[in-house]
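Please look over the two chains shown below before reading on. The paragraphs that follow lead from the contact between the chains to the domains of one of them, and then to single residues.

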Amino acid sequence: MKFTEEHEWLLADGDIVTVGITTYAAEQLGDVVFVELPEVGTEVTKDDECVVIESVKAASDILAPLDGEIVEVNETLPDNPSLVNEDAMGEAWFFKIKVSDMSPMDDYMDEAAYNEFIE
Amino acid sequence: MTELETTPLNGLHRALGARMVGFAGYDMPVQFAGIMAEHAATRDRAGLFDVSHMGQVLLDGAGWTDVALAFEALVPMDVVGLGDGRQRYGLLTSDDGGIRDDLMFARMGESLFVVVNAACKADDIAYMRASLPDHVTLTEITDRALIALQGPAAEAALAPLCPAVTDMRFMDVIAADLSLGMGREEVPVWISRSGYTGEDGFEISVSASASEAVARKLLENDDVSPVGLGARDSLRLEAGLCLYGHDIGLDTTPVEAGLTWAIQKVRRAGGQREGGFPGAETILGQFADGAARKRVGLKPEGRAPMREGVELFETAEGGAPVGTITSGGFGPTVGGPVAMGYVPAALAAPGTQLFGELRGKRQPVTVAALPFVPANFKR
């Protein structure tokens with residue numbers, strides 16, 4: 001698993017990367033009350049705004065960590081946004097992206113580096 | 001950046017694991033267990049809030065009528081007619097009819113006790129000192145904390161410390177002694193039966209030195225949870241209560257803000273003490289002719305919150321904005337987004353369909369009656 005400085009986690013399986021936010025990020029956001037997901041089939045470029053998350057406190061975005069195509073989204077989240085607080089690193093993944101060039105993955109942090117980053 | 005001030009309960013907040021933020025120059029708890037949980041705890045049982053950042057002021061003069069008449073020159077409220085031990089909501093108005101601040105004022109014997117917003121208190125105090133006649137003295141109280149205890153279990157939580165509170169009605173004020181037990185000295189306090197959540201509850205003005213002991217004593221009750229500024233905001237929003245600097249300010253009048261209920265008949269046209277407050281011409285003119293725009297409740301469709309600054313439109317496409325949201329967010333008790341904002345008077349009727357522009361897309365939002373959650377006061 002890899003981590004971005006925007007507190008996303010990335011899990012690669014072949015050329016498909018699953019994207020979510022870290023438990024730390026979910027704690028910082030507070031109670032999540034709204035999630036808007038991209039449409040399946042959307043072509044995204046790194047740093048495109050893909051997901052809108054609103055907590056009781058504030059709105060924030062998830063940026064595309066890589067270039068690719070959104071191939072699946074977690075349909076349960078819009079109806080059950082609090083899942084992000086309950087299981088950020090598991091059940092509450094946001095989208096899966098089909099990536100042509102995986103090399104940018106190498107630039108992202110591993111778990112040890114991320115844990116140091118949030119210290 | 002200037003150093004944040006702390007309230008006498010700062011150590012308690014930190015001991016309770018609060019997440020702290022800077023607010024109106026103070027280091028304040030934004031949340032403890034989480035905004036949703038704290039919000040629900042207040043609606044279902046009782047929440048304890050530190051509101052010591054607010055300004056507490058005493059006005060004294062040659063007796064009640066003297067003080068009250070002096071204060072009436074600054075606010076469009078009936079101050080003279082306020083009974084001893086009673087509290088009212090008030091507004092400091094500006095010369096052009098805007099709102100300098102909103103406040104609570106109470107008669108305690110011959111004195112007037114005023115609680116003003118934290119962010120406004122320095123300006124308010126300077127303004128009052130400059131405006132009040134010399135024979136009225138203003139004392140800023142800086143050695144007292146202010147603790148709000150709000151929710152249906154508030155009375156039962158406070159009564160063991162002070163049985164007299166069970167006889168208080170909404171907007172009553174008493175001076176009393178709290179008994180903390182264990183042979184500890186009694187704590188003199190001022191208690192009002194009021195708050196900022198739409199729930200029954202109290203605000204307790206207590207010496208800084210005794211405030212943590214009082215807060216800890218109340219928190220010993222399983223029904224009482226510490227609550228931060230986050231839930232304070234969602235609670236007041238659901239209750240349809242204005243947040244100064246957002247829903248009301250120098251650019252809004254009391255009539256536009258829908259606060260005419262706070263201006264008693266005696267100060268309106270034809271009343272015994274008609275006018276005589278800053279902005280009277282504008283404000284009484286709007287009483288007669290109506291205001292061009294009004295503050296309304298707004299219920300966005302779907303789950304996406306519409307927050308402060310979202311522009312409102314009459315149609316799904318095209319046209320210029322007709323209004324703006326002044327506060328909005330997720331209402332935990334409502335279970336969906338709620339907001340307030342200003343719209344033209346012709347579009348202010350509950351049920352009117354409007355559109356709020358969210359991330360470039362216009363989403364339906366309906367004008368709704370306030371409050372979103374019915375008030376639960378002990379009348």
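Buried area is the accessible area, taken with a 1.4 Å probe, that two parts lose on being put together, summed over both. By that definition chain B and chain A bury about 1,300 Å² between them, and carbon and sulfur atoms account for 50% of it. This is a predicted model, in which local features need pLDDT of at least 70 and side-chain atom pairs count only at pLDDT 80 or more, whereas totals for chains, interfaces and linings use all residues. Residues are numbered from 1 along each chain as its sequence is written, chains are lettered from A and ligands numbered from 1 in the order in which they are written, and side-chain values use heavy atoms, with hydrogens and water left out.

At the interface of the two chains, 13 residues of chain B are in contact (heavy atoms within 4.5 Å) with 16 residues of chain A. Of the area that chain B buries against chain A, 42% is supplied by B:Arg303, B:Arg307 and B:Arg359, more than any other three residues give. Three salt bridges are counted between chain B and chain A, a salt bridge being a side-chain nitrogen of Lys or Arg within 4 Å of a carboxyl oxygen of Asp or Glu. The side chains of B:Lys361 and A:Glu36 meet in a salt bridge, at 3.9 Å from N to O. Strand E2 (26–31) and H2 of chain B are the elements that give two or more residues to the side of chain B that touches chain A; helices (H or I, at least four residues) and strands (E, at least two) are DSSP runs, numbered from the N terminus.

Strand E2 of chain B holds B:Gln31, which counts as buried at 9% relative accessibility, given that buried means under 20% relative accessible area, exposed over 50%, and partly exposed in between (1.4 Å probe, protein chains only). Leaving aside residues up to four places away in sequence, B:Gln31 touches A:Lys57 as well as B:Ala18, B:Arg19, B:Glu38 and B:Gly228.

How is chain B itself divided into domains? The domain assignment gives domain 1 (1–287) and domain 2 (292–368), with bounds that come from an automatic or database domain assignment. The centres of domain 1 of chain B and domain 2 of chain B, taken over C-alpha atoms, are separated by 29 Å, and their contact takes 20 residues from domain 1 and 17 residues from domain 2. Between these two domains of chain B the buried area is about 1,400 Å², with 54% given by carbon and sulfur atoms. B:Leu237, B:Glu238 and B:Glu256 supply 39% of the area that domain 1 of chain B buries against domain 2 of chain B, more than any other three residues.

The count between the two domains of chain B is one salt bridge. The side chains of B:Arg293 and B:Glu256 meet in a salt bridge, with 3.3 Å from N to O. On the side of domain 1 of chain B that touches domain 2 of chain B, helix H2 (35–44) and helix H7 (229–238) each supply at least two residues, and H7(B) gives the most, with four residues.

Helix H8 of chain B, residues 280–289, has B:Ala280, B:Ile283, B:Leu284 and B:Gln286 buried. These residues lie on the same side of H8(B) because they cover an arc of only 155° around the axis, the arc being that of the directions from the helix axis to the C-beta atoms. What covers the buried residues of H8(B) includes strand E5 (87–93) of chain B, while on the other side of the helix B:Glu281, B:Ala288 and B:Asp289 are exposed. Just after H8(B), B:Gly290 takes a positive phi of about 85°.

Some further backbone details deserve a look. B:Met171 is not a glycine and yet has a positive phi of about 75°; its place is in the loop between helix H5 (154–158) and strand E10 (173–178) of chain B, and at 12% relative accessibility B:Met171 counts as buried. In chain A, phi of A:Asp47 is near 80°, again a positive value in a residue other than glycine. A:Asp47 sits in the loop between strand E5 (43–44) and strand E6 (49–55) of chain A and, at 45% relative accessibility, counts as partly exposed. Finally, a cis peptide bond with omega of about -5° joins B:Leu370 and B:Pro371, and B:Pro371 is found in the segment after strand E19 (361–368) of chain B.
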